[in-house]
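Here is a short briefing on one protein chain. Please look at the sequence and the 3D structure before reading the points below.

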Amino acid sequence: MVGRQVSAELDAAGVKAVFRLNAGKLPAYTGFARPDGSYRIVRVTRVLEAPALDPMLASSIQSGVTQAQQRSDMKAMIALITAGQKVKIQPNAIEGR
């Protein structure tokens, strides 16, 4: 069984090749070149549905992404304001807000 993550059994090229397959007619076959120059052939016999995402986990991920975006926006705004200007920002002046 393989997932979208690279593993010991399947490198990035293998994962990409497997997930490009048309799963409408199984078994399906694909192949890909390996970094050592060899060629691997893969047979896909069934496709499993991904489990449902826990709503609490989804909410936590969304909150983390939102916070990361806000930090990035703040850094970009500060860089824009200070570009070419003689501005001195005290480190603690904006962290507490």
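Contact here means that heavy atoms lie within 4.5 Å. By that rule, and not counting residues up to four places away in sequence, D11 touches V6, F32, R34 and P35. The model is predicted.

**The hairpin**

- Strand 1 covers residues 28-33, and strand 2 covers residues 39-44.
- The two strands run antiparallel and are joined by six bridges.
- Together they form a hairpin, with five residues between strand 1 and strand 2.
- In the turn, G37 has a positive phi of about 95 degrees.
- Opposite Y39 in strand 2 stands A33.

**The two faces of strand 1**

- In a regular strand the side chains alternate between the two faces of the sheet.
- T30, in strand 1, counts as buried because its relative accessibility is 17%, and the cut-off for buried is under 20%.
- Beyond its neighbours within four places in sequence, T30 is in contact with A17, V18, L21, R40, I41 and V42.

**D11, before helix 1**

- D11 sits in the segment before helix 1.
- Is D11 buried or exposed, and which side chain of opposite charge is nearest? D11 is buried, and the nearest such side chain is R34, 4.7 Å away.
- D11 has no salt bridge; the cut-off for one is a side-chain nitrogen of Lys or Arg within 4 Å of a carboxyl oxygen of Asp or Glu.
- R34 is also among the residues that D11 touches.

**A13, in helix 1**

- Helix 1 spans residues 12-19 and includes A13.
- A13 is partly exposed because its relative accessible area is 34%, which falls between the cut-offs of 20% and 50%.
- With neighbours within four places in sequence left aside, A13 is in contact with F32 and A33.
- A13 and G31 are 18 residues apart along the chain, and their C-alpha atoms are separated by 9.3 Å.

**The loop between helix 1 and strand 1**

- Both R20 and P27 are found in this loop.
- The peptide bond from L26 to P27 is cis, with omega near 5 degrees.
- R20 counts as exposed because its relative accessibility is 66%, and exposed means over 50%.
- The C-alpha atoms of R20 and Q90 are separated by 51 Å, and these two residues are 70 places apart along the chain.

**A nonpolar surface patch**

- Which residues make the nonpolar surface patch? They are M74, M77, I81, V87 and I89, and the patch has an area of about 410 Å².
- V87, one of these residues, lies in the loop between helix 2 (55-82) and helix 3 (91-95).
- V87 counts as partly exposed because its relative accessibility is 40%.

How values were computed: Residues numbered from 1 in each chain as written. Predicted model: local features only at pLDDT ≥ 70, side-chain atom pairs only at ≥ 80, totals over all residues. Heavy atoms only, no water. Buried < 20%, exposed > 50% of the residue type's maximum accessible area, 1.4 Å probe, protein only. Helix = DSSP H or I, 4+ residues; strand = E, 2+ residues; numbered from the N terminus. Pairing = 2+ DSSP bridges. Patch = residues over 30% accessible without salt bridge, like charges linked within 9 Å, V, L, I, M, F, W, Y side chains within 5 Å. Areas by Shrake-Rupley, 256 points an atom, 1.4 Å probe, with all protein chains shown as cover. Lys, Arg positive; Asp, Glu negative; His and termini not counted.
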